Amino acid sequence: MRPRAASSPKTLAVTIAAVLAVAVGVVSYVTEAWPRLENETLDMRFGLRKPSRPSDVVVVAIDDKTFSELRRQWPFPRSLHAALIRRLHSEGAKTIVYDIQFTEPTAAAQDLALYDAIAQTGRVVLATTEVDAAGHTAVLGGDASLRRAHAVAAASNLPADPGGVIRRYRYSQLGLKSLAVAAAQTDGRPISAAHFAKTGATIDFRGPPGTIPTLSFSDVLHGRIPASAFAGKVIVVGVSAPTLQDVHPTPTASSNPMSGPEIQANAIWTALHGNPLEPSPAWLALLAILLLGAVAPLASVKLRVPLSAALALGLAGAYVLIAQLAFDSGVILLVSYPLAAWALGMVGMVAANYVAALVERDAFSRQLSESQLELIQRMAHAVEFRDTETGEHIQRIGVLCERLALEIGWQPSDAETLRHASAMHDIGKIGIPDRVLLKPGKLDAEEWEIIRRHPATGGEILSGSASPLLQMAEAIARTHHERWDGSGYPAGLKGEQIPLVGCICAVCDVYDALLSKRSYKESWQVEDTLAEIERGSGSHFDPQLVVAFLRLAPSLTDELDAVSASRPASTVEPATA
């Protein structure tokens with residue numbers, strides 16, 4: 001059975017991105033980080049929904065036409081309101097809701113006329129914004145007067161969200177039921193407090209301003225409207241004239257404010273129908289955040305980034321469409337928090353894939369570098385299989401070249417590359433016949449000519465690579481037998497025509513060769529070897545490298561001894577050149 005592979009950097013990165021996107025979405029939702037933005041998505045859904053004109057609620061508006069026809073200043077005499085109430089009652093109105101406060105007494109005859117009209121009607125709800133701590137009001141002379149008139153006082157306050165937009169209504173205010181709740185109860189369709197959240201219930205606006213059937217106060221008062229317009233309905237009376245400033249922004253009318261009476265009429269319709277717009281359960285919101293936040297990152301584990309983005313975009317579009325359809329059916333799905341998680345997931349997917357690509361590219365680069373080093377070592381070992389002494393010499397040359405490069409100021413990484421590249425300096429000896437390479441003793445002229453071919457052969461073996469390491473190895477293989485005065489081989493390069501890496505290897509190669517025992521010579525003493533290096537300054541070697549090498553030489557003995565001790569002794573002593 002194969003062992004399970006460890007998670008790839010990409011899988012880990014996109015998983016982290018998905019977890020972060022979902023976590024931010026959940027925390028933002030739980031803490032209600034941006035309620036105004038979520039409310040704006042609600043407004044958009046109202047704007048997309050087709051208006052629905054109700055048949056059970058009507059607004060009677062004190063509008064500009066009323067002021068023009070009646071030639072009255074505000075406030076109107078209460079006898080005028082009494083006349084309207086009697087007219088509505090006679091036309092068959094089921095419940096009359098007056099969105100005008102009658103808390104302060106006026107002329108006795110006027111107050112009595114209004115009281116008598118309300119008492120004769122019996123199903124009137126009167127608005128107020130003035131409620132004491134015990135839930136009592138001064139409407140129509142107080143609670144006792146209201147009871148005798150069979151009327152109800154109700155709180156007309158509507159909470160405004162940030163930005164002044166009215167979207168909700170409450171069940172009660174300081175113990176006094178709200179105007180919409182009282183109207184529904186009076187009309188025989190009471191609604192329970194269980195249908196309300198702490199912040200209230202969403203008003204199910206029927207559409208933009210004018211969607212609720214609206215009639216002019218003066219037209220109703222003068223009998224110009226047929227009774228069928230009122231029979232069996234809830235009639236909301238209030239001021240719509242802009243000069244009295246009872247207009248407010250709503251989800252369906254941000255640029256065209258809605259009059260207070262029409263807002264109350266929408267709230268009453270909502271209460272009459274049991275608060276049809278209900279928020280979705282919390283688990284559904286969390287599920288949406290999870291799906292939208294995780295889809296893009298997790299999809300990119302198997303799919304390309306563009307395809308994953310397209311899939312996530314499609315899912316987000318589908319969710320927005322579902323949210324609108326759900327809204328049309330009476331369910332308010334959260335939109336901003338799931339979409340925020342989706343956006344973070346998209347950004348996280350791109351970032352995670354980018355980071356993972358960098359990590360994988362870096363890992364591949366390291367693997368490639370390691371493969372190149374392994375190739376060099378194996379090729380060097382190929383030489384070693386034929387020439388054990390050359391194999392030991394290869395390792396010592398690597399140490400010497402690295403140390404000399406560091407001495408002249410190279411960066412450690414570049415010096416390390418030189419150490420690996422110098423291992424290939426004699427790779428061309430692979431092409432030398434055994435009778436020459438492994439011959440004990442000195443070489444004749446013909447054999448010497450064959451040996452002199454190995455730099456060019458090594459260069460050909462290593463040529464054509466895009467790898468900086470192998471390019472350096474090629475330069476070393478071709479030029480490590482060139483001499484500073486131009487008398488070297490194979491190309492007879494002179495001075496700075498010789499690559500620096502070839503010059504470094506030339507010094508180190510001669511130094512190690514002189515210290516090593518051969519069949520045709522004994523090993524030299526360190527002092528004699530260094531003297532020979534110094535004599536070669538300017539003729540065989542770069543003078544500046546000689547100075548640096550002589551400065552470095554006293555510290556090299558222990559390192560070279562450690563390299564020699566780590567390898568078995570050679571059994572064949574070949575010729576060298």
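Buried here means under 20% relative accessible area. With that cut-off in hand, welcome to this predicted model, in which Ala13, Val14, Ala17, Ala18, Ala21, Val22, Gly25, Ser28 and Tyr29 of helix H1 are buried. The mean pLDDT of the protein chain is 89, and 91% of its residues reach 70 or more. Here is a short tour, topic by topic.

- Among the elements of the chain, strand E1 (residues 57–62) has the highest mean pLDDT, 98, while helix H22 (residues 557–565) has the lowest, 65.
- Over residues 1–6 the pLDDT is below 50, and this stretch has zero contacts in the model beyond near neighbours in sequence.
- Residues 568–577 also stay under 50 in pLDDT, yet the model gives them 29 contacts beyond four places in sequence.
- Where pLDDT is low, the predicted coordinates should not be read in detail.

- Helix H1 covers residues 9–31, and its 23 residues should span 33 Å at 1.5 Å a residue; the end C-alpha atoms are 33 Å apart, which agrees.
- Just after H1 comes Glu32, in the loop between H1 and H2.
- Most residues other than glycine have a negative phi.
- Glu32 has a positive phi, near 50°.
- Glu32 counts as exposed because its relative accessible area is 56%, and exposed means over 50%.

**The largest nonpolar core**

- In soluble globular proteins, nonpolar side chains tend to be buried together.
- The largest nonpolar core has 38 residues, of which Leu88, Tyr98, Phe217 and Phe230 touch the most other members.
- Elements that each supply at least two residues of this core include E1, helix H3 (64–70), helix H4 (78–90) and strand E2 (95–98).
- Helix H4 gives the largest share of this core, five residues.
- Leaving out residues up to four places away in sequence, Tyr98 touches His81, Leu84, Ile85, Val125, Leu126, Ala127, Phe217 and Val237.

**The largest pocket**

- The largest pocket holds about 890 Å³ of space and is lined by 32 residues.
- Glu32, Arg168, Thr199, Pro279 and Leu334 lie nearest the centre of this pocket.
- Two or more lining residues come from each of H2, strand E8 (201–202), strand E13 (278–279) and helix H10 (282–299).
- Helix H2 gives the largest share of the lining, five residues.

- Met44 is in helix H2 (residues 35–48) and is exposed, with a relative accessible area of 57%.
- Met44 and Pro251 are 207 residues apart in sequence, but their C-alpha atoms are 7.7 Å apart in space.
- Glu402 is in helix H13 (residues 388–407) and counts as buried because its relative accessibility is 19%, with the cut-off at under 20%.
- Beyond neighbours within four places in sequence, Glu402 is in contact with Ala415, Glu416 and Arg419.

**Backbone features in loops**

- Most peptide bonds are trans.
- A cis peptide bond joins Trp74 and Pro75, with omega about 0°; Pro75 is in the loop between H3 and H4.
- The peptide bond from Tyr489 to Pro490 is cis too, with omega near 10°, and Pro490 is in the loop between helix H18 (468–479) and helix H19 (500–515).
- Leu140 is not a glycine but has a positive phi of about 55°.
- Leu140 lies in the loop between E3 and helix H6 (143–148), and at 11% relative accessibility Leu140 counts as buried.

Terms used. Residues are numbered from 1 along each chain as its sequence is written. This is a predicted model: local features need pLDDT of at least 70, side-chain atom pairs count only at pLDDT 80 or more; totals for chains, interfaces and linings use all residues. Side-chain values use heavy atoms; hydrogens and water are left out. Helices (H or I, at least four residues) and strands (E, at least two) are DSSP runs, numbered from the N terminus. The expected span of a helix is 1.5 Å times one less than its number of residues. Buried means under 20% relative accessible area, exposed over 50%, partly exposed in between (1.4 Å probe, protein chains only). pLDDT is the predictor's confidence in each residue, from 0 to 100. Contact means heavy atoms within 4.5 Å. A nonpolar core is a set of buried Ala, Val, Leu, Ile, Met, Phe, Trp, Tyr and Cys residues joined through side-chain atoms within 4.5 Å. On a 1 Å grid over the protein atoms alone, a cavity is a set of points where a 1.4 Å probe fits but cannot get out, and a pocket is an open set with protein on both sides within 12 Å along at least five of seven lines; lining residues have an atom within 4 Å of a point. Grid points are joined across faces, edges and corners, and a volume is the space filled by probe spheres set on the points.
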